[in-house]
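This report describes the fold of a single chain, from its overall content to selected residues. The sequence and the structure are shown first.

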Amino acid sequence: MQRTKQRTKPRQARVNRQTTETKVVAKLNIDGTGEASVRTGIAFFDHMLTLFARHAVLDLSLQCKGDLEVDAHHTVEDCGIVLGQAFQQALGDKKGIRRYGYAFEPEQGGGVVGTPRPTNVRGAPPPLKGEAYVPMDECLARCVIDFSGRPYLVWRGLDKMAFRQVTNAEMQQDMSSAFRFGLAREFFQGFANEARCNLHLELLYGEEPHHVVEALFKSFAKAVDIACQRDPRIAGKLPSTKELL
Ligand SMILES: [Mn+2]
């Protein structure tokens, strides 16, 4: 009985981080219900972190006082660092977690909710990997994550935007534009480093800045949700033959 209780204890973390550039306070409950209270001083970033919590079905409270008089860079990067630290702490020994996350729900096979998973010609279910991605109007984003203990970020599909000649009007359009041209990557790099995860994010297509960034954050949320879920079949076991994550 005691063991069962231990295993189902909500996985939580609290992180305080202060530098000369930012002061961040965060509380995370991976086994939450999608409640968020986020205040970073950047409304667009609050929107992204709030929808991240909702779609990853976790509780997140995060406050940041950053040097926004310089620009948004330190605030965004440091919130990524703190969120990554919170995950590393809350996941603990990682026993019983699924470990890998794709932007889809395995139980539903990427199809319509409630319909059985389709089978291929040989009657076997198709591989789960990459059956669904996250769309946002004209955009399509994919995120695949592995809480492997090995930090690595792969960032694809936005280079064309990063290196093309950006007009001043585009750069200053709004905060979502700034995120598309670099800030989002800083956040995910900070997260990957500190959560010690292998994080692959790709924008397959899409143009509108708000949609691009939102699709990326939503696919990230779905992948994180799946990867952090406990698989009852492997309760108490590590999803690694190395026996260390
Ligand atoms: Mn939006």
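## Overall content

Two residues are taken to be in contact if their C-beta atoms, placed from the backbone, lie within 7 Å. Among contacts in the chain between residues at least 6 apart in sequence, 78% join residues at least 24 apart. The model is a predicted one, in which local features need pLDDT of at least 70 and side-chain atom pairs count only at pLDDT 80 or more, while totals for chains, interfaces and linings use all residues. Numbering of residues starts from 1 along each chain as its sequence is written.

The secondary structure comprises seven helices and nine strands; helices (H or I, at least four residues) and strands (E, at least two) are DSSP runs, numbered from the N terminus. Of the 245 residues in the chain, 39% are buried. A residue is buried if 20 or more other C-beta atoms lie within 10 Å of its own, exposed if 12 or fewer, and partly exposed in between.

## The four-stranded sheet

An open, mixed sheet is formed by four strands in the order β1-β2-β4-β3; two strands pair if DSSP finds at least two bridges between them. Its edges are β1 (12-18) and β3 (36-39), each of which pairs on one side only. From one strand to the next, the twist averages 5°, where angles run from 0 to 180 degrees between N-to-C directions and axes are lines fitted to C-alpha atoms, for helices over the stretch in contact.

Strand β4 (residues 59-66) runs parallel to β3, and four bridges join the two. Within this pairing, S37 stands opposite S61 and R39 stands opposite Q63. The pairing of β2 with β4 is antiparallel and has eight bridges; here K23 has K65 as its bridge partner.

In a regular strand the side chains alternate between the two faces of the sheet.

Strands β3 and β4 pair in parallel. Helix α2 (residues 43-56) packs on the sheet and touches both of these strands, its direction making about 160° with that of β3. Helix α3 (residues 73-91) also packs on the sheet, where it touches β1, β2 (22-29) and β4; the direction of α3 makes about 35° with that of β2.

## The nonpolar core

A nonpolar core is a set of buried Ala, Val, Leu, Ile, Met, Phe, Trp, Tyr and Cys residues joined through C-beta atoms within 7 Å. The largest such core has 64 residues, and I145, L216, F220 and A223 have the most contacts inside it. At least two residues of this core come from each of β2, α2, β4, α3, β7 (139-146), α6 (175-195), β9 (198-205) and α7 (209-228). Helix α7 supplies the largest share, 12 residues. Not counting residues up to four places away in sequence, L216 touches A141, A184, L201 and L203.

## Helix pairs involving α6

The axes of α6 and α7 come within 7 Å and cross at roughly 50°. The two helices are therefore oblique to each other, since angles under 35 degrees count as roughly parallel, over 145 as roughly antiparallel, 65 to 115 as roughly perpendicular and the rest as oblique. Residues making this contact include F179, R180 and A184 of α6 and V212, V213 and L216 of α7.

Helices α3 and α6 pack at an angle of about 30°, with their axes 7 Å apart, and so α3 is roughly parallel to α6. Among the residues in this contact are V76, E77, C79 and G80 of α3 and F187 of α6.

Which residues does F187 contact, leaving aside its neighbours within four places in sequence? They are V76, E77, C79 and G80. The C-alpha atoms of F187 and E77 are separated by 4.6 Å, although the two residues are 110 residues apart along the chain. F187 counts as buried because 26 other C-beta atoms lie within 10 Å.

## Residues with positive phi

V57, in the loop between α2 and β4, has a positive phi of about 50° although it is not a glycine. V57 counts as partly exposed because it has 18 C-beta neighbours inside 10 Å.

R99 lies in the loop between α3 and β5 (100-102). Its phi is also positive, at about 75°, and R99 is not a glycine. With 22 C-beta neighbours inside 10 Å, R99 is buried.
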